[in-house]
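Here is a short report on one protein model. Look at the fold as a whole before you zoom in on single residues.

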Amino acid sequence: MFIYLSKKIAIPNNIHLKCVSWNKDQGCIACGGDDGLLKVLKLETQSDDVRFKGLAAPSNLSMNQTLEGHRGAVQVVTWNEQYEKLTTSDQNGLIIVWMLYKGAWYEEMINNRNKSVVRSMSWNADGQKICIVYEDGAVIVGSVDGNRIWGKELKGSQLAHVAWSPDSKILLFGMASGEVHIYDNQGNFIMKMAIGCLVAAGSVSIAGIQWYAGTRGYVRPDCPCLAICFNNGRCQIMRYENDDNPVCIDTLMNVVSIQWNHCGSVLAVAGFLRASTKDKEFNVVQFYTPFGEHLRTLKVPGKQMSGVAWEGGGLRIALAVDSYIYFANIRPDYKEDAGLETGSSARYVLILCNSIGTPLDSKYIDIEPLFVTMTKTHVIAASKEAFYLWQYRVAKKLTAMGINQVARTKKGGKENVYHIDIHPSGTGDAISDFSKAFTSTQDPICCITATDKTLIVGRESGSIHRYSLPTVALLQKYTSSNRAYYLSLNCNSSRLAIIDIAGVMTLLDLDVSAASDSGTNRGSADSSKFERKDVWDMKWANDNPDLFAMMEKTRMYVFRNLDPEEPIQTSGYICNFEDLEIKSVLLDEIMKSPEKPNKDNLINFEIRSLRDSRALIENVGIEDASQFIEDNPHPRLWRLLAEAALQKLDLKTAEQAFVHCRDNQGIEFVKRLGNLHSEPMKKAEVAAYFGRFEEADSMYLEMDRSDLAINLRIKLGDWFKVMQLLKSGSGACDDALLQQAYNAIGDYFADRQKWVNAVQYYQQGLNQERLAECYYMLEDYPGLERLATELPENHRLLSDIGEMYATVGMCELAVNAYLTCNQTRAAIDTCVHLNQWNKAVELARTHNMKEIKSLLSKYASHLLEKNKILEAVELYRKAHHFLDAAKLMFKIAEDEAKRKSNPLRVKKLYVLAAQLVENYQEQVKTSQQSKTKGSKSEVSSALAGLLEVDACSSETGIVDSAWRGAEAYHFFLLAQRQLYAGLMENAMRTALHLREYEDIIPAVEIYSLLAVCAASSRAFGTCSRAFIKLESLEGQSPEQQQLYKDLALEIFTKHAPKDSRMVEADLSDSSEDRLPTCIVTGLPIQEYQFWMCGVCKHCALEQEISKYNTCPLCHTVL
């Protein structure tokens, strides 16, 4: 930032001021002084010219009111900005609250305690409460409407300052002894504040306590905002009231007052310094960041400074000195802080962007980029200890492909780091170990600048280093009396502009210095007579090494060969200086609302030679202007002359001027004009050349050359005008050109996502490709379907339409589109992608494609990896791969049986698996019948189907034993139902039948059930054989076997292990194994007529099955 004095206002009768305060919202300035002086001033700027906005605009006092009511010296003034109130107090303890009414200030409330003097007053952040502290220790907290909230006497304490916390929960009281006490908002003492900035004991007093309320945000998270400064120059800035690690500053001055700016980014410390060689004191204001970094020092004339106040926008500051109010303008450095990468190590990122903000490349560096500059080939970033060079590359074309190509082909070795204390010779002196770049230095870097062949680095001692580029070698050292703040090289690197910390600008001729001092010997800065004060910005011309512009206060000067032109009143920052034009930007205005920038804040200034040449051309003539431009040659002036000559059809002068400014296109245009014989045609061409297209159109049409008007509009891309000319033409309309116009207008609307309008023009332009895209974006799928039906077979657009349908899940329409263009493979892929496996299998079979099997396997494997077995079963089932689905279902049933799930659930799983096997068998038979239809008999086709089934399932045996699992668990459940129903003998016979399923149901469960059923039916012989089996089962623990033995002993000591005669005879019948078993009763069927299920092929007695509506085993509806 830079600061300079800009204005002063004298107080009448030389009355000395005691305090000053600036209302940040309304802009009023209140100042109090001796003899009861209290004035309210308001500075307002009035200018309609955009160039005179901001600080450059003339300011006048729109309010200058003296408020009468105090008799003693007014010592404290404070604003309540929320309620537009002013509170003042004098040396007699009188407090007056003033209010604004109809543009003037009037007394609203008066209070006088008549005991002590008010030392400080402070409104809280929302303006609801005011805290008043008296010298004798009295504290009063009141409301905005004048009511007293609470009061307290701090006995034994002399109060000097008070401050509210941003949340109004804490009050800080500054004591006359230098202590700071912390109270809550009800007046209860909390603790004493630890003061870490006072290193030595001694008598000190507090100069100011300022706690920024955060109303405009903070410059950084966790930013210090509480400033406490003492009269000896010591200051500490804290994040909160009990911060253990405050920022400590020694200002080396006697402090009178401190004040934060509007956003808490700058702290102004006002006071006076005593010169080291003289006893004379001089007033200064020093500016610091919240982190203790010193920004600037402003010297202020006068004997005694008594107060400081910031303007609401932070661009001006008011200083009360003797009987004057001085105003100083602030020129901030509008730049963002370097970005940190989140992670374990603190790394910074440099992002290379083009002129429209598109990122092209980036680099992560470890040094903090406090200073950055760039050339056409290098980016140079510097910390206080080292500077970093990055030789970047950019894409030739601003396309994603071009940018990615550069990113892929980046080579190493294009970045180097150099410590400022090392003197590189250009032969690989860069630091290989980047950690050495953090080595501290006693003379830090303070600024840098560079051109394509020269790098300049300034140091805080005033030393300036000159390096060569691209090979970094130290060429020269220069010394200066002051620390440089800003450096800039002219376009040929022959002269260096230096603006030091005091705002003094000097020039250094590098060629002369290099000639007088060779090598790296230390030289002295060129003692040029050029010197300008209060300079805060400058810019060299990009095309003239002797031309530069500079900002001195609110005036812009342009220098040619060190001769200044008349100044221009402005406060803009200089962006660019080229072609005798200066581009300036009013950053102060833009930063007021950065989200809504106004192009009026970008201003172009023409320098004198350009203005004079334009005036000569307009007022005198081309010949005299040509002579002036020959005496002051510049490509921009020659171009101006060429344009003026073209306007008057002076082709000879225009051609000569274009030759001087090396404009090949202009030369070709003049030659083309020379070949035209019609004067109106030449005028029309010139009008088009200067962008007066409407005028050119009118001329072409007057000459009955609508074709030229149409060609002009086609070049401009104005297709609406092209269509208008085509439709209004007297001759026949060119259908091809009209169709091109329709499509171009359709593109215009499509680029702006106005799809409905685009459809209308694409339809008239017969552009089916773009029409399909518009239908897709509008989700007009009926329209897209109509378009697909209108297209001929094998049209290339059908594939795109199929893809559009596929992306929105419309499988049927997508398949139809793909099949119409003979892309069967794409149709099948779409079905697979949309999980329409039935359709995919059908298409694969219809078109004899065998890849569907591998796709099914991949997808099923994917589901199985995620343990989605049921989804895989459903997948195979929908795809008619019933055998694969059955295998998975059998696996699920077996897993459930091992987990001892509900037997009914296990049975259902086995039934489903068996039904899938039945579906597979039916599928095989159907396929064989279709293959042998008309060629073989029904018996032979059935036999072929059975043989195929046998061939496919010979390894697993799943087909033959499909219903065994369902049978096992069906009889297992049946036996238990019969047992609980009291049918003991039937239950035993069903349990005996379970012995055939030991491979499915654990044997221990089968024989345990058999033993229970046999004992219940008093067939103790069968029960004994069941116990013998249980005791002999493998895998039983000795304890379990002993339990079986004990239970058997208990049963068979009471009952003989014999069955009844009838049961033994039935059981000994060897024909039982060959007879079918009734699935209703579990008994063998000995009748010749019985019922058989059409699905599972299991039998039942007719009188028993008549009681059921479904098959007891497979649950098929009867």
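The report goes from the whole protein to two of its residues.

## About the model

This is a predicted model, where local features need pLDDT of at least 70 and side-chain atom pairs count only at pLDDT 80 or more, while totals for chains, interfaces and linings use all residues. Residues are numbered from 1 along each chain as its sequence is written, and side-chain values use heavy atoms, with hydrogens and water left out.

## The whole protein

The protein has 32 helices and 53 strands. Both are DSSP runs numbered from the N terminus: helices are H or I with at least four residues, strands are E with at least two.

Of its 1118 residues, 48% count as buried. Buried means under 20% relative accessible area, exposed over 50%, and partly exposed in between (1.4 Å probe, protein chains only).

## Residue K363

K363 sits in strand β31, which covers residues 359-365. Is K363 buried or exposed? K363 counts as buried, because its relative accessibility is 17%.

Leaving aside residues up to four places away in sequence, K363 touches Y348, V349, L350, Y388, W390 and E415. A contact means heavy atoms within 4.5 Å. The side chains of K363 and E415 are also joined by a polar contact of 3.3 Å. Such a contact is a pair of N or O atoms within 3.5 Å; within protein, one must be able to donate a hydrogen and the other to accept it, and residues adjacent in sequence count only if both atoms are side-chain atoms.

## Residue Q1103

Q1103 belongs to helix α32, residues 1102-1105. Its relative accessible area is 41%, so Q1103 is partly exposed.

Where does W1091 lie relative to Q1103? The two are twelve residues apart in sequence and 9.2 Å apart in space, C-alpha to C-alpha.
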